[in-house]
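Q: I would like to go through a protein model with you. Could we look at it together and take the questions one at a time?
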Amino acid sequence: MQNIKRAGQVQHIGSARKAAEWLLNEWPTEIDTAKQRAARKACLEAFEGQREAAAARKAFRKAAEEAGILIGDDNRPPTRLAKRKR
């Protein structure tokens, strides 16, 4: 049985290994760009200890932004929720 992702589902990618797996197995097949290929290479190299994780994170983020699938970024400070009036 294939694991099918649906619109609205959020995936937390917190490591070079998970990013590489996601790029190889979950990335939308219709989105094949130079940034996506660079991100896949960067994440695999980071997983193998040949590249800094920060460089892989940056490459993955650029590819996801280009593809329009980046929703959030753990590097950004959390937003404050507005207080409700009682």
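Q: To begin, where is the place of I31?
A: I31 lies in the loop between α1 (residues 16-25) and α2. Please keep in mind that this is a predicted model.

Q: Is I31 buried or exposed there?
A: I31 counts as buried, because its relative accessibility is 18% and the cut-off for buried is under 20%.

Q: Which residues does I31 touch?
A: Leaving out residues up to four places away in sequence, I31 touches Q36 and A67.

Q: And how far apart are I31 and A63?
A: In sequence, I31 and A63 are 32 residues apart. In space, their C-alpha atoms are 9.6 Å apart.

Q: Let us step back. How many helices and strands are there in the protein chain?
A: The protein chain has three helices and zero strands. From the N terminus on, the order of elements is α-α-α.

Q: What share of the residues counts as buried?
A: Of the 86 residues in the protein chain, 23% count as buried.

Q: Which residues of α1 are buried?
A: The buried residues of α1 are A16, A19, A20, W22 and L23. They lie on the same side of α1, because they cover an arc of only 165° around the axis.

Q: What do these buried residues of α1 pack against?
A: The buried residues of α1 pack against α2 and α3.

Q: Now the largest nonpolar core: which of its residues touch the most other members?
A: The core has 16 residues, and those touching the most other members are L23, W27, A39, C43, A56 and F60.

Q: Why would nonpolar side chains be found together?
A: In soluble globular proteins, nonpolar side chains tend to be buried together.

Q: Which residues is F60 in contact with?
A: Apart from its neighbours within four places in sequence, F60 is in contact with I13, A19, W22, L23, W27, A39 and C43.

Q: Buried or exposed?
A: E45 counts as buried, because its relative accessibility is 15%, and buried means under 20%.

Q: What does E45 touch?
A: Not counting residues up to four places away in sequence, E45 touches Q50 and R51.

Q: Finally, what is the accessible surface of the protein chain?
A: The accessible surface comes to about 7,300 Å², and 49% of this belongs to carbon and sulfur atoms.

How values were computed. Residues are numbered from 1 along each chain as its sequence is written. This is a predicted model: local features need pLDDT of at least 70, side-chain atom pairs count only at pLDDT 80 or more; totals for chains, interfaces and linings use all residues. Side-chain values use heavy atoms; hydrogens and water are left out. Helices (H or I, at least four residues) and strands (E, at least two) are DSSP runs, numbered from the N terminus. Buried means under 20% relative accessible area, exposed over 50%, partly exposed in between (1.4 Å probe, protein chains only). Accessible areas come from the Shrake-Rupley method with a 1.4 Å probe; for residues, only the protein chains shown count as cover. Contact means heavy atoms within 4.5 Å. A nonpolar core is a set of buried Ala, Val, Leu, Ile, Met, Phe, Trp, Tyr and Cys residues joined through side-chain atoms within 4.5 Å. The arc is that of the directions from the helix axis to the C-beta atoms.
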